[in-house]
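Hi there,

Here is the structure I promised to pass on to you. Please open it first, and then read my notes below.

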Protein chains: 2
Amino acid sequence: MGKERYTIRDIADMANVSRGTVDRVIHNRGTVSEEAAKKVQEVLEKINYEPNLIARSLKAHKDHVIAVVIPDYSDDYYWRQCANGIHRSEKEFRQFGIFLQYFEYSKTPEDYNEKFSQAIALDPDAMLIAPVYYQDSLELFHRLEEKRIPYNLINTPIEEVAYHTFIGQDYRKSGRVAAQLMNALAPHDKKILVIHVEQHLENSTHLHEKEQGFKEFYNDHNITQPIEVFTFKEAQQLNDLRTVLPGTAGIFMTTSKTYLLADHMREHENIKVIGYDLIPKNVQQLKEGKIDILIHQNPISQGYDGISLLSDYLIYKKEVPKVKLLPLDIVVSENVDCYL
Amino acid sequence: MGKERYTIRDIADMANVSRGTVDRVIHNRGTVSEEAAKKVQEVLEKINYEPNLIARSLKAHKDHVIAVVIPDYSDDYYWRQCANGIHRSEKEFRQFGIFLQYFEYSKTPEDYNEKFSQAIALDPDAMLIAPVYYQDSLELFHRLEEKRIPYNLINTPIEEVAYHTFIGQDYRKSGRVAAQLMNALAPHDKKILVIHVEQHLENSTHLHEKEQGFKEFYNDHNITQPIEVFTFKEAQQLNDLRTVLPGTAGIFMTTSKTYLLADHMREHENIKVIGYDLIPKNVQQLKEGKIDILIHQNPISQGYDGISLLSDYLIYKKEVPKVKLLPLDIVVSENVDCYL
DNA sequence: TTTTTAATTGTTCTCGTGCACAATTTGTTT
DNA sequence: AAACAAATTGTGCACGAGAACAATTAAAAA
């Protein structure tokens with residue numbers, strides 16, 4: 001039952017109409033008499049028709065260009081991983097007529113704007129974007145919508161715009177997970193620090209989300225341990241920690257700059273550290289015991305899924321989810337290898 | 001450069017021969033004059049031809065049957081999850097002519113043998129097998145090899161046989177992860193228990209692997225905390241724990257039966273518990289704080305990948321890896337939702 | 001040389017969909 | 001009723017690979 005796969009021709013025969021009529025009913029284009037439409041509909045419902053996507057894509061075969069707007073990854077391991085995921089998907093879909101154009105912006109809002117604009121000018125069939133700079137993004141996305149270019153977001157969600165799919169983490173939950181782990185590891189009689197290291201904090205709503213989630217957990221469990229929040233724009237500002245570290249039980253770093261802490265913690269070895277991302281410096285410190293836990297943001301999957309979902313949409317017109325949340329992977333030294 | 005995609009016709013034109021000749025050279029069948037073969041070869045190498053897989057699979061369209069041999073999952077959440085992954089993949093590939101035949105064995109070696117044999121008798125194009133009973137498997141696998149039926153293994157690796165791909169965890173590492181977490185959570189001045197709950201331990205090499213990995217970690221770090229190992233064939237045997245629990249810091253359960261502990265631990269609330277699998281009873285106890293950590297074995301991915309890899313092989317003749325190791329996901333109450 | 005056989009090459013059809021175009025039926029106006 | 005427009009329905013072809021079949025050429029036997 002239902003196992004057999006029917007073709008347009010089968011349906012036409014069953015409904016005593018021509019293939020063209022069936023086609024018109026399915027795609028409701030052209031004109032069809034009520035009578036014929038009804039007959040076809042009945043057959044369609046009975047057999048639960050699903051079109052042969054292979055044949056469809058063979059016919060509809062045209063090349064599709066996806067523009068990829070991501071940070072320059074020449075000296076950035078995290079974004080290089082993301083790019084690796086993109087490359088893998090690119091390779092897989094190349095034979096289905098998907099071609100990528102890369103626009104890598106150096107990490108300034110100006111260049112982001114510049115490269116993004118270049119990408120739009122290319123008039124691609126779809127776009128994959130890592131919109132690191134929130135403030136500059138809105139106007140650019142409106143231009144995409146005017147041109148009806150579908151686009152996926154990775155890493156940084158932007159609520160206000162009509163993107164296709166967002167692929168990334170639930171950052172509030174991410175913060176909660178960090179808090180639970182911190183609570184399990186760190187003694188309760190000293191204070192906890194939350195540290196942001198980020199040049200453009202005004203753009204980084206997701207860091208704020210992590211902080212909120214972290215505090216939320218402590219609130220929900222009525223833990224009155226003091227939590228202090230610090231924001232550093234530059235690595236060297238971490239020197240200020242010297243006066244803060246004494247009396248600290250654990251530190252939650254909201255970015256991949258977690259490894260920066262190590263230099264400042266030589267006399268504080270038993271402070272627990274929880275941070276983000278499996279970049280080599282972090283992984284090394286994880287293995288050395290200087291970092292206790294890393295939360296993995298799955299950059300490879302972000303890139304891979306970002307392109308795959310767009311490709312499936314372009315080739316097969318598959319429907320795509322609005323949000324694809326990636327798991328909040330907890331990484332310690334013993335399982336780090338299986339995420340690399 | 002290399003970006004364009006060439007067709008057989010393009011090649012034929014470039015080499016001044018007919019499409020048929022190009023086809024014969026590519027698949028080296030039939031007879032071709034040396035002269036013509038050389039011309040075609042030259043063109044092929046110059047343009048780095050890759051056939052259009054969509055067109056190929058449209059033409060070559062024949063239905064493939066994959067036999068699925070897994071434990072009966074009517075009252076087993078873990079295997080039902082696995083089946084869900086299989087169903088999802090089935091749905092995705094049905095339109096590409098992949099059909100599944102299920103052979104669910106009740107959990108005895110005899111029925112495993114029986115159902116497995118039935119599956120072979122069906123002469124499927126490929127098989128997906130969860131070979132829970134090691135001892136009975138070898139002969140069955142030899143029969144598959146004689147018939148040249150490709151097969152994937154999930155959940156339980158069997159080293160000696162020529163399977164296509166194994167999809168599952170590295171169980172030794174899995175035990176090591178559990179040990180590291182136990183070491184971080186449980187006090188060091190009391191003993192640690194490792195508990196197997198399994199009817200057919202002689203078949204379950206992977207449980208033994210977990211135990212080995214667990215002890216290995218403690219050895220590697222020169223931790224002299226006592227570790228005691230218990231094996232229970234039946235749930236009720238856990239009553240014996242009463243005398244053992246006092247003086248226990250933590251328990252590592254190697255199977256999904258982790259939830260069975262709770263009933264025996266009412267007076268021992270601060271014993272840390274680490275176990276396996278996100279079955280509802282475990283998840284509930286995780287949220288209630290009765291279980292501290294679960295290691296997720298990704299049954300959904302096991303099923304999904306198991307079928308997907310076979311399908312890609314059958315449809316597109318894609319090459320597949322020998323082993324696909326799934327991550328060792330660490331699950332606590334705050335991130336459990338994103339794995340469900 | 002003619003006939004037969006083998007070697008090589010060329011042509012055509014199929015897969016299922018989607019779209020353009022052709023053919024037919026229906027309805028309306030003179 | 002004839003002429004025409006509008007509505008509806010039917011048909012043919014393309015997509016690219018692959019394989020059966022037909023056609024051509026070359027070589028061997030009569």
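How many positive and negative side chains does chain A have, and how far apart do the centres of the two sets lie? Chain A has 40 positive and 50 negative side chains, and the two centres lie 5 Å apart. Here Lys and Arg count as positive and Asp and Glu as negative, while His and the chain ends are not counted. Each charge is placed at NZ of Lys, CZ of Arg, CG of Asp or CD of Glu.

A word on the source: this is a predicted model, where local features need pLDDT of at least 70 and side-chain atom pairs count only at pLDDT 80 or more, whereas totals for chains, interfaces and linings use all residues. Residues are numbered from 1 along each chain as its sequence is written, chains are lettered from A and ligands numbered from 1 in the order in which they are written, and side-chain values use heavy atoms, with hydrogens and water left out.

Now the overall form. Chain A has 11 helices and 12 strands (DSSP runs, H or I of at least four residues for helices and E of at least two for strands, numbered from the N terminus). Its radius of gyration is 25 Å, well over the 20 Å that the globule rule gives for 340 residues, so chain A is more spread out than a compact globule. That radius is taken over C-alpha atoms, and the rule is 2.2 Å times the number of residues to the power 0.38. Along the principal axes, the C-alpha atoms of chain A fill a box of roughly 85 × 45 × 35 Å.

Next, the inside. Buried residues make up 53% of the 340 in chain A (buried means under 20% relative accessible area, exposed over 50%, partly exposed in between, with a 1.4 Å probe and protein chains only). The largest nonpolar core has 148 residues, and Phe141(A) and Phe141(B) are among those with the most contacts inside it. Such a core is a set of buried Ala, Val, Leu, Ile, Met, Phe, Trp, Tyr and Cys residues joined through side-chain atoms within 4.5 Å. A second, separate core of 44 residues includes Val194(A) and Phe214(B).

Finally, two loop residues to look up. Asn48(A), between helix H3 (34–47) and helix H4 (53–59) of chain A, has a positive phi of about 55 degrees although it is not a glycine. Asn48(A) is exposed, at 55% relative accessible area. Arg148(B) also has a positive phi, near 55 degrees, and is exposed at 72%.

Enjoy exploring!
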